[in-house]
Amino acid sequence: MAKVNTAKEPEAPSREADPTVERKGSSRAGKQQISIFDAWCKQCGLCVDFCPKGVLTKRALGSPQVSLPEQCIGCLLCVLHCPDFAISVTAKEETGDKSEV
Ligand code: SF4
Ligand code: SF4
């Protein structure tokens, strides 16, 4: 019989000060690896506008940042709408290793 995981889902990180959120545009929190390549990004904001989960937010000058990585559902709308191939979302491998922070 399959084991049911009754553990409570971790709460989404705050948009304010969360040490798991790298402000430079990449985060390893959550089930997806979201990477933003600043050198290619022209700060159009399309990825932020199309994200249905509010994972991405705009910094002061319009460049995107990963604010709520736990909310990412891997829909790839941000990737599909980026005109400059500046954002990638890939599923992280489930290794069972709990050491990753
Ligand atoms: S994959 Fe979907 S949910 Fe995740 S950041 Fe991109 S648009 Fe948002
Ligand atoms: S859609 Fe692409 S180019 Fe536009 S802000 Fe997002 S990552 Fe940058």
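## Close-up views of a predicted model

**Figure 1. The chain as a whole.** Of the chain's 101 residues, 24% count as buried (a residue is buried if 20 or more other C-beta atoms lie within 10 Å of its own, exposed if 12 or fewer, and partly exposed in between, with C-beta atoms placed from the backbone). This is a predicted model, in which local features need pLDDT of at least 70 and side-chain atom pairs count only at pLDDT 80 or more, while totals for chains, interfaces and linings use all residues. Residues are numbered from 1 along each chain as its sequence is written, and chains are lettered from A and ligands numbered from 1 in the order in which they are written. The secondary structure comes to two helices and five strands, and from the N terminus on the elements run β-β-α-β-β-α-β (helices, H or I of at least four residues, and strands, E of at least two, are DSSP runs numbered from the N terminus). Among contacts with a separation of 6 or more, 54% join residues 24 or more positions apart (contact: C-beta atoms, placed from the backbone, within 7 Å).

**Figure 2. The largest nonpolar core.** Here you can find 14 residues (a nonpolar core is a set of buried Ala, Val, Leu, Ile, Met, Phe, Trp, Tyr and Cys residues joined through C-beta atoms within 7 Å). Cys47, Cys51, Val55, Leu56, Cys78, Cys82 and Ile87 have the most contacts inside this core. Two elements, β2 (32–36) and α1 (46–50), each give two or more residues to it.

**Figure 3. The surroundings of ligand 1.** In this view 15 residues surround ligand 1, the closest being Cys51, Val55, Cys72, Cys75 and Cys78 (near: C-beta atom, placed from the backbone, within 6 Å). Both β2 and α2 (77–81) give two or more residues to this shell. The shell divides into twelve nonpolar, two polar and one charged (Ala, Val, Leu, Ile, Met, Phe, Trp, Tyr, Cys and Pro count as nonpolar, Asp, Glu, Lys and Arg as charged, and the others, Gly among them, as polar). Leaving out residues up to four places away in sequence, Val55 touches Val66, Ser67, Leu68, Pro69, Gln71 and Cys72.

**Figure 4. The surroundings of ligand 2.** Around ligand 2 there are 14 residues, and the closest are Cys41, Cys44, Cys47, Cys82 and Ala86. This shell holds nine nonpolar, three polar and two charged residues.

**Figure 5. Asp84 and its neighbours.** Look for Asp84 in the loop between α2 and β5 (87–91). Asp84 counts as partly exposed because 13 other C-beta atoms lie within 10 Å. Not counting residues up to four places away in sequence, Asp84 touches Trp40, Cys41 and Lys42. Asp84 and Cys44 are 40 residues apart in sequence, and their C-alpha atoms are 9.8 Å apart in space.

Conventions
Contact = placed C-beta atoms within 7 Å.
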